[in-house]
Amino acid sequence: MALNTTLKERSNNSCELCSNETLELQAYAVPPKSNDSAENVVVLCSDCHDQIAKSDYTNVNHWRCLTGSIWSEVPAVQALSYKILGKLAGEAWATEAIESVYLDESVIDWANAEDELEASKVVHKDSYGVVLETGDNVILTQNLNVKGANFIAPKGTMVRKIRLVPDNAEQIEGKIEGDTIVILTKYVKKSV
Ligand SMILES: [Zn+2]
C-alpha cells in the first residue's frame with residue numbers, strides 16, 4: 001500500500017522501525033489486521049519489510065532499532081516491535097526492551113494474535129502423516145471395535161467421505177455399516 005498523507009506525516013517519511021529515510025517506504029499491516037486504516041499499518045523501509053515478509057530475524061543487529069521503536073506512540077509500531085523482539089528472545093537486550101516498556105494489553109494481544117492463530121490451527125493427519133480433509137476416503141489400518149454397535153470393522157475397510165472433528169486433530173467421523181462413528185486418525189490411511 002502506498003503512503004497517504006497521514007502516514008507520511010506520522011512517520012516523517014522514514015521507516016517507523018529503523019528510521020531509514022533513503023530506502024523505498026511502504027505501509028505494512030500488522031497481522032491479523034488489514035491495511036484499510038492508518039492505525040493498522042507501520043511504515044517500513046524495504047529492508048525491514050523484506051525481513052518481516054520472510055520471517056527472517058537472523059540479522060540481529062539490524063533489529064536493535066526495535067529498542068527505540070518500541071517506545072513509539074503508535075500502537076501498530078508498538079505491536080510490531082513487540083512481536084519481533086519476541087522472536088529475538090535469545091538476545092538479552094531484546095528481553096530487556098520488552099520488560100522495560102509498558103504496553104497496553106490490547107497491543108500485546110495484537111502482537112501475539114498471529115502466532116496464537118497459527119498454534120491453534122488443528123491439522124488432521126493419517127497414520128502416515130498425510131493431511132486429511134473433509135470428504136476424503138480413508139482405509140482402516142487395523143480392526144476397529146465399534147463401541148455400542150457391537151461389531152468389529154475389519155482392517156482394510158474403506159470409510160468414505162469422512163468429516164474432521166473440529167478442535168481435535170486426532171479424531172475424524174465416518175460412516176461404517178450405516179453408523180456414524182468417531183475414528184482415531186492414527187488408525188486410518190488416506191485412500192487415493
Ligand atoms: Zn526499516
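The model is predicted, so local features need pLDDT of at least 70 and side-chain atom pairs count only at pLDDT 80 or more, while totals for chains, interfaces and linings use all residues. Residues are numbered from 1 along each chain as its sequence is written.

The protein chain has six helices and ten strands, taken as DSSP runs numbered from the N terminus (H or I of at least four residues for helices, E of at least two for strands). Its radius of gyration is 24 Å, well over the 16 Å that the globule rule gives for 192 residues, so the chain is more spread out than a compact globule; the radius is taken over C-alpha atoms, and the rule is 2.2 Å times the number of residues to the power 0.38. The C-alpha trace spans about 70 × 35 × 30 Å along its principal axes.

Helix H4 (residues 75–87) and helix H6 (residues 105–120) have axes that come within 8 Å and cross at roughly 55°; such axes are lines fitted to C-alpha atoms over the stretch in contact, with angles from 0 to 180 degrees between N-to-C directions. That makes H4 oblique to H6, since angles under 35 degrees count as roughly parallel, over 145 as roughly antiparallel, 65 to 115 as roughly perpendicular and the rest as oblique. On the H4 side, Pro 75, Gln 78, Ala 79, Tyr 82 and Lys 83 meet Val 107, Ile 108, Trp 110 and Ala 111 of H6, where contact requires C-beta atoms, placed from the backbone, within 7 Å.

Notes. Two residues are in contact if their C-beta atoms, placed from the backbone, lie within 7 Å.
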